[in-house]
Amino acid sequence: MSATCNCTEHVSKLNQQISVMRKEIKNLRQLLDSAVRSHRKHMTSLQSALTHIGQSRSPKSQPRPQAELETQNSLEKGTIQTVPIGYISSCFSVKNGTPRQPTICGPSRATLQIQQSVFNNPEHSLVGLDNYSHVWVIFLFHKNGHLSYKAKVKPPRLNGQRVGVYSTRSPHRPNALGLTLAKLDRVTGDTLHLSEIDMIAGTPVLDIKPYISDYDSPHSRVDMDTDTYDCGVQPESTSVPSEDGTTSVETLHSDSVASSSCTVDPQLDLGVERRDSHSTDPRILHSKDKSKVHIRHPGDASSSYAPKYQGKDITTVLGELKAYISEGHDPFTLGSSVGKSQASDGPKAKPLEPVEDSARPCYGEEAYSTIAGWIREPPVTSLEVRFTPHAERELGEFLAPINTESRDRPRFRFLRGPKEAAAAIRGVLSADPRSVYRRSRCKDRLFFFTLDTADITCWFGQGFAEVLRVRLVAVGKELAS
């Protein structure tokens, strides 16, 4: 009995000592906090005093605020403080199963609401954006953990082979910035509705920019350069009126001593602005007054728009020019000799065969846009995606967001129904979303990911992926995401 009492007293004393220690720790923390606040006040007063001294020494100069000076110095050094303009609300809630590229899963959708803290009227910042079909989204890879990165990485599509990080779109890079091209479905107030995305819910967005194909696509640049060449727009060109009432722009080329021309309506303003995107003819351009300028290849003699010089076909003129130069005459006197009639004093030239297109410089896609071969032909092939009958029945129970048939059935937030969800699942799984480690070393072939409000369970076989179950996301898990 006495032993029990002694033990109880001992425990009581220990509890008292622990209580005293906790109070002491609390007091120490309070002292530390007060010391930190005092230190900050002293530093602030010291900075203001130094600023005042600098102002007194140079009274003629108008000093700028300290915050502005610090911002300018940071920008000049390449250091900026980013402020998210909004956060993504996406049909992907976790990294597992999220597409690595936006084109993998077309039906994927998201919304982006501009923060009130960025603009007083955030909807004003989106005025005019609905004139574009796609937007560039610059964001942060906020789920990178401890921000580890290496000079070489192993892209999943290369199945373990190493390449430089800057030759890939790996999220693990010195500055964890992401860039994606998203389809802009619509703009409502201060909110963008996007599709074809590869970002998870909660992704901080730093900036959005409209996608302009005339500037951003190499194909448009190729077409523009080709049209410019076909039209003979060169530094040294002359406009020569022809007998049929059209104007022919003629240019000399130093490398082949040939001329290119384009036939246009003289009534039109030749300030070409842009390509006619609605025309099937790749050589129809818009002029400033929105009328069309028809452009044809100079050697196309069969066309009704074939260029002519003094009533002659362009191939005949080229033949006469070549014969004239081969006889040792000055090519720059062609205006007084080339194109003369048979009875004139000028040289008689025999007609030559039409000039082939191969004689012109090649301005093809290959000259402007080149990508790594493993992008289109990766070692990891596309997988076949299957659904078990049970998974198909479970997926069929889901309703679209606007469907009001039953409140008891599961409902999507972004996807428009089971068909679109099935297409999204096929897109995700056909690209094999597993990591290289999980693909090559893990014996467990089961795979789980979340799509909108559905939890997907599947497994991978040799060359295929099979969906086993499709269930509604648990309430707690959905709130956490």
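This is a predicted model: local features need pLDDT of at least 70, side-chain atom pairs count only at pLDDT 80 or more; totals for chains, interfaces and linings use all residues.

Biologist: What does the protein average in pLDDT?

Modeller: The average is 74, and 65% of the residues score at least 70. pLDDT is the predictor's confidence in each residue, from 0 to 100. Over residues 231-306 it is below 50. That stretch still has 145 contacts (heavy atoms within 4.5 Å) beyond near neighbours in sequence. Residues 336-366 are also below 50, with 36 such contacts.

Biologist: How many helices and strands?

Modeller: The protein has 11 helices and 21 strands. These are DSSP runs, numbered from the N terminus: helices are H or I, at least four residues, and strands are E, at least two.

Biologist: Which strands make the barrel?

Modeller: Six strands close it, in the order β1-β2-β7-β6-β3-β8, with antiparallel pairing. Pairing takes at least two DSSP bridges between two strands. Neighbouring strands of this sheet are turned by 45° against each other on average, direction ignored. Axes are lines fitted to C-alpha atoms.

Biologist: How do β1 and β8 pair?

Modeller: Antiparallel, over two bridges, between residues 86-90 of β1 and 204-210 of β8. Tyrosine 87 stands opposite proline 204 in β8.

Biologist: How much of the protein is buried?

Modeller: Buried residues (under 20% relative accessible area, 1.4 Å probe, protein chains only) make up 33% of the 481.

How values were computed. Residues are numbered from 1 along each chain as its sequence is written. Side-chain values use heavy atoms; hydrogens and water are left out. Axes are lines fitted to C-alpha atoms, for helices over the stretch in contact, and angles run from 0 to 180 degrees between N-to-C directions. Buried means under 20% relative accessible area, exposed over 50%, partly exposed in between (1.4 Å probe, protein chains only).
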